[in-house]
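Thanks, everyone. I'll keep this short. Please have the sequence and the model open as we go.

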There are 2 protein chains.
Amino acid sequence: MKISIIGLGLIGGSYALALKKRLEGLTICGWDLNKEHVVQALEKGIIDEQCSTLEEAIDRSDWIFVAIPVDAIEKNIAAMMDRLTDEQLVIDFGSTKSTICEVLQGHPKRAQFIAAHPIAGTEYSGPGAAFAELFDDKVMIVCDQEMTEKRFIERFRKQCKMLGMSTSYMSSSDHDVHLAYVSHLSHVISFGLSRTVLEKEESERDILDLAGSGFESTVRLAKSSPEMWTPIFMKNKNAMVEALTSYIEQVTTFKELLSVEDEKGIQEFLKKGREIRKILE
Amino acid sequence: MKISIIGLGLIGGSYALALKKRLEGLTICGWDLNKEHVVQALEKGIIDEQCSTLEEAIDRSDWIFVAIPVDAIEKNIAAMMDRLTDEQLVIDFGSTKSTICEVLQGHPKRAQFIAAHPIAGTEYSGPGAAFAELFDDKVMIVCDQEMTEKRFIERFRKQCKMLGMSTSYMSSSDHDVHLAYVSHLSHVISFGLSRTVLEKEESERDILDLAGSGFESTVRLAKSSPEMWTPIFMKNKNAMVEALTSYIEQVTTFKELLSVEDEKGIQEFLKKGREIRKILE
């Protein structure tokens with residue numbers, strides 16, 4: 001089996017490394033809009049061969065993984081699918097799924113497409129940040145699986161299992177709403193905290209001295225790539241506005257409780273929030 | 001030198017363990033309102049002897065560390081100081097400093113008191129969570145140091161150095177404003193995120209499946225103790241309301257940019273926030 005990786009960043013690069021760790025003799029070719037990324041990916045052994053065009057990356061392989069920003073996926077995915085022969089499969093790893101699935105609605109090759117999302121990542125990006133263990137024990141979400149040929153879904157499930165991942169199935173619209181709450185919202189929160197503190201503190205030294213591990217944990221996601229995250233927020237606008245509205249209500253409620261020194265109210269607020277312990281270790 | 005630890009939780013317990021790791025033959029006695037904590041602290045070797053009363057814990061030692069919730073410090077600190085002989089020293093480790101320093105303003109033994117705050121912690125609490133390395137390479141803030149006898153400040157600085165901590169000096173009011181931004185605010189943010197997601201998601205299974213490491217990092221502080229944090233927020237009300245107002249403005253600005261699909265505005269928002277990378281590794 002020949003594999004192409006389109007987009008050689010953290011996700012595409014780590015997926016290639018994870019595959020190579022488990023499959024001996026596998027040849028992976030790759031393409032990236034950023035030619036420096038291609039050079040780095042070759043040097044790091046993420047890919048064995050580079051493709052000079054996106055089209056070449058599609059034509060050369062049986063399975064094509066697409067791990068580029070979601071707006072670029074949406075823009076290019078239909079033309080990519082147009083090129084497929086009957087046995088080829090395209091799998092996208094975008095962080096939002098609804099608009100990508102909408103673009104392919106009614107496409108003659110739709111059954112050769114899997115809308116997937118590996119729930120894994122770090123605040124870093126590019127092939128330099130890629131590592132083979134990123135997906136260990138993580139979840140691969142597969143959306144609208146009834147639109148894909150069963151044998152492809154089953155083969156992909158087996159590949160995920162080989163990589164140590166479990167597979168979870170849901171509709172693309174459910175995916176986007178859930179991810180707005182448990183992933184995308186966290187990113188806005190971190191960026192908002194970072195901006196608040198940067199605007200307040202006049203000297204960097206003060207922050208360095210006083211910021212503990214709690215701040216570092218909460219603000220970590222603010223190191224994420226704006227180029228990657230702007231399209232994610234844009235493509236998941238409705239769910240994000242809903243999640244942000246709920247979140248702003250929560251923080252505003254806390255501020256009001258504190259303003260009137262409602263000690264019992266504050267303690268109840270915190271106790272309810274602390275129930276997350278039952279769910280996350 | 002004899003040392004007493006009043007409050008045998010994460011901070012008091014870890015400080016005792018850190019001291020014992022470096023000083024052979026040191027005897028530490030301790031007191032806690034929670035008698036189970038005292039038993040655990042004895043079993044874990046945090047303390048060597050228990051004191052049956054708070055008064056006994058003061059009378060028996062040269063240096064007395066106070067690591068109980070900030071409202072309890074504020075309530076008891078003056079009476080504790082009243083008992084001191086001329087060579088004794090009290091050091092408090094509360095997370096807010098202004099109201100505690102105000103209570104001791106004009107106290108005849110004020111020069112035998114150090115208002116300190118070790119910038120270290122985890123989301124866990126109690127003596128079971130204590131560990132000797134908690135303070136390694138961390139910062140000890142000392143507030144209003146001009147109110148304390150110089151020789152005590154110098155001796156305490158040496159002890160912190162021995163424990164691998166650097167010392168930073170500032171006014172108690174600056175401390176509280178800065179900590180509102182780089183510590184207390186992060187906690188409200190995490191509790192608010194937790195509540196938002198818990199209210200949205202109907203089944204716990206969904207959260208478990210979809211929550212990645214980003215969510216876990218941002219929500220981590222929501223596991224913190226409401227009993228400890230309610231008084232911190234209450235004692236730092238003014239700075240917290242100011243910080244919360246700025247923060248809510250930031251998140252609301254983002255929501256508005258997204259609502260009108262201002263792609264450039266969103267990217268600028270994120271780029272500014274990402275500048276935290278220059279400050280935190």
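This is a predicted model: local features need pLDDT of at least 70, side-chain atom pairs count only at pLDDT 80 or more; totals for chains, interfaces and linings use all residues.

Start with strand β6 of chain A, residues 113-118. Is this strand buried or exposed? Six of its six residues are buried, so the strand is largely enclosed by the rest of the structure.

Now take the two faces. In general, side chains in a regular strand alternate between the two faces of the sheet. For β6(A), one side carries A:F113, A:A115 and A:H117.

Next, the neighbours. Which strand runs parallel to β6(A)? That is β5 of chain A, residues 89-92, joined to β6(A) by three bridges. Look at A:I91: it stands opposite A:I114 in β6(A). There is also a helix to follow here. Helix α5 of chain A covers residues 98-103. Together, β5(A), α5 and β6(A) make a right-handed β-α-β unit.

β6(A) also pairs with strand β7 of chain A, residues 139-143. Here the strands run antiparallel, with four bridges between them. Find A:A116, and its bridge partner in β7(A) is A:V142.

On to salt bridges. How many are there over all chains? The count comes to 30.

Stay in chain A for one of them. The side chains of A:E56 and A:R60 meet at 2.9 Å, N to O. A:E56 has 23% relative accessibility, so it counts as partly exposed. A:R60, at 30%, counts as partly exposed too. This pair belongs to a network of salt bridges that links A:E49, A:E56 and A:R60.

Now switch to chain B. B:D136 forms a salt bridge with B:R22, and the closest N and O atoms are 3.5 Å apart. Where do these two residues sit? B:D136 is in the loop between β6 (113-118) and β7 (139-143) of chain B. B:R22 is in helix α1 of chain B, residues 10-22. The pair links distant parts of the chain, 114 residues apart. B:D136 is partly exposed at 25% relative accessibility, and B:R22 is partly exposed at 32%.

One last pair. B:E74 forms a salt bridge with B:K235, with 3.1 Å between the closest N and O atoms. B:E74 lies in helix α4 (residues 70-82) of chain B and B:K235 in helix α10 (residues 226-235) of chain B, so the pair ties together parts that are 161 residues apart in sequence. B:K235 counts as partly exposed, at 26% relative accessibility.

That's my tour. Over to you.

Technical notes. Residues are numbered from 1 along each chain as its sequence is written. Chains are lettered from A and ligands numbered from 1 in the order in which they are written. Side-chain values use heavy atoms; hydrogens and water are left out. Buried means under 20% relative accessible area, exposed over 50%, partly exposed in between (1.4 Å probe, protein chains only). Two strands pair if DSSP finds at least two bridges between them. A crossover is right-handed if, with the strands pointing away from the viewer, the path from the first strand over the helix to the second runs clockwise. A salt bridge is a side-chain nitrogen of Lys or Arg within 4 Å of a carboxyl oxygen of Asp or Glu.
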